[in-house]
Amino acid sequence: MTTALPERAGRRCHNVLNPLHSTHYFSPDLAEQLAGVGVTDPRAAYFAVRAAAMGPVGAGTVTATFYNFRHDLVARHVPEVWQTASPEVVLAARARAVDATLRRLLGDEMLASKEVAEAAELSLHAAEACTRTARPLYAAHADLPVPGEPHLALWHAATLLREHRGDGHLAALLDAELDPLEALVSHTATGKGMAPRWVLATRGWAREDWDAAVDRLKERGLLNAEGELTDAGVALRKEIESRTDRLDAAPYEHLGAPGVERLTELATGLLMAAMAAGAFPEGMIGKN
């Protein structure tokens, strides 16, 4: 049974669950656990932990499903990383890193709380309505077992919901005719995306690639001479998010308005605690 939700309720819930999932990507615990199985390069570690659920896939699959990384960077590490650590080994290392990260950021008492157990139950219930069709990263993670401990079950469910929305978001970007770097540049121009220096440091693009993408968006009338979004650019980004919302509505409609509101409340509290504990680096989000 599904119910109508307040406008953007699902997006608001996603916007607090997704960062909870993402805490491990910025955690020293992940670097430690991956180094323990032989993966020491941070880019190789990221590609491995996010792609491992799909098995020992090649660079083409990772580039396709991650979307905004330069293929040359991906191919530098994939599939070679699987010779160092198999997907099964990587998944086990990731689970240890997630556990260590959440314990360090939130503390054992909070992880054992009834609120975390409730958030896990609600998010897993929402994920029951996710669909595998044309959603490769979600589908791969949906085949993994649900962890028994509530905080790890919550993280697993947040991962399912994050990748489900992400797969749909890529369809919206393709429909908007934004290539990987144009998608990043236009998102950064909203003030809600990664700062350019973070994009260039982590996604494999050079400054000239960024500048060329800016020029293409200007030619389309999506950016003005100062590199800010035009009215057309604002409208396009708004439509992309609205289309993503529509493609991602099912899990939140399945959970229902009261459940979505409660899950958003619980996840917000956990996220604020994680951020206060230094979960994310400063200066990562912004136009500069």
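**Helix H15 and the chain around it**

Visitor: Which residues of H15 are buried?

Guide: This is a predicted model, in which local features need pLDDT of at least 70, side-chain atom pairs count only at pLDDT 80 or more, and totals for chains, interfaces and linings use all residues. Residues are numbered from 1 along each chain as its sequence is written, and side-chain values use heavy atoms, with hydrogens and water left out. Taking buried as under 20% relative accessible area (1.4 Å probe, protein chains only), and helices as DSSP runs of H or I with at least four residues, numbered from the N terminus, the buried residues of H15 are Gly233, Leu236, Arg237, Ile240, Thr244 and Asp245.

Visitor: Which helices do the buried residues of H15 pack against?

Guide: Contact here means heavy atoms within 4.5 Å. The partners of these buried residues are helix H1 (9–22), helix H11 (150–175), helix H12 (180–189) and helix H16 (249–255).

Visitor: How far apart are the end C-alpha atoms of helix H15?

Guide: The expected span of a helix is 1.5 Å times one less than its number of residues. For the 17 residues of helix H15 (residues 231–247) that gives 24 Å, which agrees with the separation of its end C-alpha atoms, 24 Å.

Visitor: How many helices and strands does the chain have?

Guide: Strands are DSSP runs of E with at least two residues. By these assignments the chain has 17 helices and zero strands.

Visitor: What percentage of the residues in the chain is buried?

Guide: The C-alpha trace spans about 55 × 50 × 35 Å along its principal axes. Of the 288 residues in the chain, the buried ones make up 52%.

Conventions
Buried < 20%, exposed > 50% of the residue type's maximum accessible area, 1.4 Å probe, protein only.
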